[in-house]
Amino acid sequence: MKALTLHAPQKIHFESVPDPEILAPTDVIVQVSEAAICGSDLHVYFGREAGLDAGTVMGHEFTGFVVAAGHSVRTLRTGMRVISPFTTSCGQCYYCRIGLTARCTQGQLFGWVAQGKGLQGGQSELVRVPLAETTLVPVPESLGSQTSLLLGDILATGYHGALPLNGAAIRRVGVIGFGPVGMMAWQVLLRMGFDQVVVFEPDFSRRNYAREMGAEVRDPQDTESLTVWLDQMPGGGLDGVVEAVGGAGPQQLAFWVVRAGGLISSVGVHTQPHFSFSPAAAYDKNITYRSGRCSARHYIPDLLQWLDRGWDVISPFTDTFDLREGAAAYERFANRTPGCMKVLLKP
Ligand SMILES: [Zn+2]
Ligand SMILES: [Zn+2]
């Protein structure tokens with residue numbers, strides 16, 4: 001089969017690799033109909049996250065059809081359309097039972113093979129899914145395949161970021177960063193019905209994109225007007241924010257724009273070793289900080305219900321590439337080309 005593989009930082013190859021095979025009775029092989037490039041793929045692409053074996057098949061966002069199943073698989077049949085979360089989960093361990101499927105003791109991230117161990121990714125024609133019955137979720141035919149694809153990571157991650165804000169004392173909220181995840185978090189927050197949802201985005205074209213969708217947008221680089229604006233807020237800031245970027249700058253901004261007693265819900269991937277604000281500063285502002293990988297598998301059924309009730313998610317996909325053009329697709333997304341929000345790959 002054909003797949004996108006990583007050979008060195010910024011070296012994506014479109015090449016032939018062996019077809020995946022059923023290795024355990026609980027495995028399923030999925031034929032990928034659509035895959036996507038994620039912001040977190042860029043950490044690997046740029047070498048900020050190292051250790052991946054050369055030739056690893058990239059990607060953890062994919063949807064498609066079951067084409068083969070191990071002999072103990074009962075609930076999934078050939079031809080079923082499925083969405084996969086970006087990690088596998090067993091459905092039985094302590095963490096799976098409390099809904100923290102992102103920390104399943106047997107969980108593996110797609111597109112991560114180090115020293116021969118791990119899972120190949122979904123930016124390919126076929127992908128092996130271990131623990132398939134408790135990892136994959138069948139999706140209704142009525143659901144568009146692009147929306148289905150969003151459920152596996154960024155829509156679930158936006159939901160994961162927004163959920164902790166869903167409390168009685170929280171009325172005015174924000175989203176740090178209007179990338180693909182921020183865009184999803186913004187839509188979830190709107191649907192949750194907060195009094196005010198503000199987007200903070202430094203990039204000019206992404207600010208315009210957000211405005212065109214009707215978002216209230218602020219430029220975090222304009223510190224003077226931001227200071228004035230915050231002074232006018234009850235309590236001097238927002239009640240809570242979803243930090244959807246990762247890194248020291250977005251974290252600092254989140255800390256700045258929430259009021260005392262505010263909540264920071266961080267879903268951006270962080271690779272820095274230290275917080276950008278001190279424990280003393282957090283104490284002095286009574287901050288609540290939530291962070292961590294999204295338990296996408298746990299949230300997909302809730303989100304399917306929202307979608308079934310007619311929730312119309314604005315698609316983040318601005319670019320579609322054939323899988324064979326994967327290197328160019330990565331380049332376009334990685335360079336933050338104006339107008340490019342998220343890339344869809346068609347095997
Ligand atoms: Zn992702
Ligand atoms: Zn588990």
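**Terms against values**

Mentor: Start with helix H6: its buried residues are covered by elements that include helix H4 (145-151), helix H5 (154-162), strand S11 (172-176), strand S12 (196-200), strand S14 (238-243) and strand S18 (342-346). This is a predicted model, in which local features need pLDDT of at least 70 and side-chain atom pairs count only at pLDDT 80 or more, while totals for chains, interfaces and linings use all residues. Residues are numbered from 1 along each chain as its sequence is written, and chains are lettered from A and ligands numbered from 1 in the order in which they are written.

Trainee: What makes a stretch a helix or a strand here?

Mentor: Both are DSSP runs numbered from the N terminus: a helix is H or I over at least four residues, and a strand is E over at least two.

Trainee: Why is H6 called mostly covered?

Mentor: A residue is buried if 20 or more other C-beta atoms, placed from the backbone, lie within 10 Å of its own, exposed if 12 or fewer, and partly exposed in between. Ten of the 13 residues of H6 are buried, among them Met183, Trp186 and Leu189. After the helix comes Gly193, with a positive phi near 85°.

Trainee: How is S3 paired?

Mentor: Strand S3 (residues 28-36) pairs with strand S5 (residues 61-69) in the antiparallel sense over eight bridges, with Ala35 opposite Phe62. S5 also pairs antiparallel with S6, over three bridges, where Thr63 faces Ile83.

Trainee: Why is Gln115 called exposed?

Mentor: Gln115 has 8 C-beta neighbours inside 10 Å, so it counts as exposed under the limit of 12 or fewer. Gln115 sits in the loop between strand S7 (112-114) and strand S8 (117-119), and its phi is positive, about 50°, although it is not a glycine.

Trainee: And what makes Arg336 partly exposed?

Mentor: Arg336 has 13 other C-beta atoms within 10 Å, which is above the exposed limit of 12 and below the buried limit of 20. Arg336 also has a positive phi of about 50° without being a glycine, and lies in the loop between H12 and S18.

Trainee: Why is Cys90 not called buried?

Mentor: Cys90 has 19 other C-beta atoms within 10 Å, so it is partly exposed; burial needs 20 or more. Cys90 lies in the loop between strand S6 (81-83) and helix H2 (94-97).

Trainee: Which residues count as contacts of Cys90?

Mentor: Contact means that the C-beta atoms, placed from the backbone, lie within 7 Å. Leaving aside neighbours within four places in sequence, Cys90 is in contact with Cys96, Cys104, Gln106, Leu131 and Thr134.

Trainee: How exposed is Thr318?

Mentor: Thr318 has 16 other C-beta atoms within 10 Å and is therefore partly exposed. Thr318 lies in strand S17 (residues 317-322), and beyond four places in sequence it is in contact with Gly339, Cys340, Met341 and Lys342. Thr318 and Gly339 are 21 residues apart in sequence and 7.3 Å apart in space, C-alpha to C-alpha.

Trainee: What are the domains, and where do their bounds come from?

Mentor: The bounds come from an automatic or database domain assignment, which gives domain 1 (2-153 + 295-346) and domain 2 (158-291). Their C-alpha centres lie 27 Å apart, and 18 residues of domain 1 are in contact with 15 residues of domain 2.

Conventions
Two residues are in contact if their C-beta atoms, placed from the backbone, lie within 7 Å. Two strands pair if DSSP finds at least two bridges between them.
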